[in-house]
Amino acid sequence: MTDAQHTPPAAARREQMRTLIEERGFARVAQLSRQFGISEVTVRADLDALADDNVVQRVHGGAVAGTPARPAGLERPFEQSMLAGSDEKARIGRAAAALIESDQAVVLDVGTTTTAIAAAMLERDDLQNVVVITNALNIALALEPAIPRFTVVVTGGTLRPLQHSLVDPLAGVVLDRIRADIAFIGCSGVHVTAGITNVNLPEADVKRRMIATAARTIVVADSSKLGVAQLSRVAPLAEIDTLITGDEADAAVVETLRAAGLRVIRADH
């Protein structure tokens, strides 16, 4: 049997795909192939057609809702965020990973910039006996090749597919029972008066628990997050030891944050 004998006409099928992608934020080619009973080649053709119509954005392995010019909502899916500022995030990740020492316990929050920290940690062959606690499934899997040099602890909790993150209930159980040397926290905004903020409320709750468990808290945020205040407040600037951002960050905004007492590291090229 062919795809056409099993599925609706292409136009109807693509509309169903568009609706599904908007609901989920992100869909993989393999998932759509199974769900619609069509080949992955046909799925890719459908996604390309939807992208040409500017209703989804194609990314590696699938598609995300919205387009670069017209995002679907305030919170972008992880895969879409990975497309933005990847070079800057990689530099931030290397600068953050350089602060980690062997025999430390490190909390890695969910996010594309903290994922860059995990990638930079893998490149450091000198790191030994590091315990990494994370609520990000993608980070746990990324660090798997470093075991047994690293011990990777996943918080548990309820999965948010949009960010591959684990949130309450249960995400805080592990965090309430540990003491970390450093917590690397991602966010949606860094503002001189609003402090560290996030667009998603459940993830903001976990971030606050991470800060409470760590001796040092380092926020990692690309330049687009500076001067921005979002819905949920994570912490005032006074609770943050250091901010690491890119050298693309607006100099005036950086100086305002420094004048408020925040140590700022700019990861240069």
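I began with helix H3, residues 29–36, in this predicted model. I found that H3 lies across E1, E2 and E3, and that H3 runs at about 75° to E1.

Next I asked which residues of H3 are buried. I noted Val29, Leu32, Ser33 and Phe36. I then looked up why they are on the same side of H3. They cover an arc of only 105° around the axis, and therefore share that side.

I moved on to the end of H3. Just after the helix comes Gly37, and I noted its positive phi of about 65°.

I looked at helix H4 as well, which spans residues 40–52. H4 lies across E2 and E3 and runs at about 130° to E2.

Then I turned to the sheet. In what order do the three strands stand? I wrote down E1-E3-E2, an open sheet with antiparallel pairing. The edge strands are E1 (26–28) and E2 (56–59), and each of these pairs on one side only. From one strand to the next, I recorded an average twist of 25°.

Last, I checked the pairing of E1 with E3. How many bridges join E1 to E3? I found three, with E3 covering residues 62–65 and the two strands running antiparallel. For Arg28, I looked up the residue opposite and found Gly62 in E3.

Technical notes
Residues are numbered from 1 along each chain as its sequence is written. This is a predicted model: local features need pLDDT of at least 70, side-chain atom pairs count only at pLDDT 80 or more; totals for chains, interfaces and linings use all residues. Side-chain values use heavy atoms; hydrogens and water are left out. Two strands pair if DSSP finds at least two bridges between them. Helices (H or I, at least four residues) and strands (E, at least two) are DSSP runs, numbered from the N terminus. Axes are lines fitted to C-alpha atoms, for helices over the stretch in contact, and angles run from 0 to 180 degrees between N-to-C directions. Contact means heavy atoms within 4.5 Å. Buried means under 20% relative accessible area, exposed over 50%, partly exposed in between (1.4 Å probe, protein chains only). The arc is that of the directions from the helix axis to the C-beta atoms.
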